[in-house]
Amino acid sequence: MSHIVDKVCTYRHATSDDLDSIMLINDQFEHKWTIEKFQEVFTNEIPLILIYNEDEILIGYLVYFITLDEGRIINIAIDPQYQNKSYGRQLIHHALEEMYESNVHYALLDVKTDNLSAISLYTKMGFQILCRRIGYYAGDIEGDSYFMQLRL
Ligand SMILES: CC(C)(COP(=O)(O)OP(=O)(O)OC[C@H]1O[C@@H](n2cnc3c(N)ncnc32)[C@H](O)[C@@H]1OP(=O)(O)O)[C@@H](O)C(=O)NCCC(=O)NCCS
């Protein structure tokens, strides 16, 4: 487990030039986005944060969008070889700070009910389960989600 002092990470918003590097991480997961979905993010100028580690290696990304005072995290991934080293927590923390600066009051996300590591992380960060959404995932993976909320 990652009982770790914060590491020196750097963050920036991705552009379509980053697509190949993003796909290298994305393609390692069972539940992955299509390249078209990432292209939509760039077309619609939806924030996609990249996280680099202390060696300046791209290790993950997070996508969110804002509607009124709500910030919805719709994708987060850390490269499997860098997982469980507190990078995911730091990336979410950074995204929450960005949202707060944009006057967001609630962060929201859906997580698959069997994704225990992600649920554990979100809970430790203060997210609470609002409800279970039956059949939320339908496609390459199937199942229910927990709809979670954090008040900023
Ligand atoms: C979910 C994800 C982003 C978390 O990133 P991460 O960098 O691995 O997580 P962190 O190291 O910051 O967080 C570690 C915490 O996660 C939890 N955790 C991690 N692995 C765990 C495991 N195998 N079992 C239980 N809890 C686990 C613990 O609560 C841990 O807390 P601790 O630091 O107090 O021990 C990452 O695992 C990932 O990319 N998963 C694949 C994609 C995915 O599932 N995305 C989420 C979709 S909603």
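Strands (E, at least two residues) and helices (H or I, at least four) are DSSP runs, numbered from the N terminus. The model is predicted: local features need pLDDT of at least 70, side-chain atom pairs count only at pLDDT 80 or more, and totals for chains, interfaces and linings use all residues. Residues are numbered from 1 along each chain as its sequence is written.

**Exercise 1.** Check the length of helix α3 (residues 87-101).

*Solution.* The expected span is 1.5 Å times one less than the number of residues. With 15 residues, α3 should span 21 Å. Its end C-alpha atoms are 21 Å apart, which agrees. Asn 103 follows α3, with a positive phi near 65 degrees.

**Exercise 2.** Which residues of α3 are buried, and what do they pack against?

*Solution.* Buried means 20 or more other C-beta atoms within 10 Å of the residue's own, with C-beta atoms placed from the backbone. Tyr 87, Gly 88, Gln 90, Leu 91, Ile 92, Ala 95 and Met 99 qualify. They pack against β2 (48-52), β3 (58-67), β4 (70-78), β5 (106-112) and α4 (116-124). Contact means C-beta atoms within 7 Å. Beyond four places in sequence, Leu 62 contacts residues including Leu 91, Ile 92 and Ala 95.

Technical notes
Buried ≥ 20, exposed ≤ 12 C-beta atoms within 10 Å, placed from the backbone. Contact = placed C-beta atoms within 7 Å.
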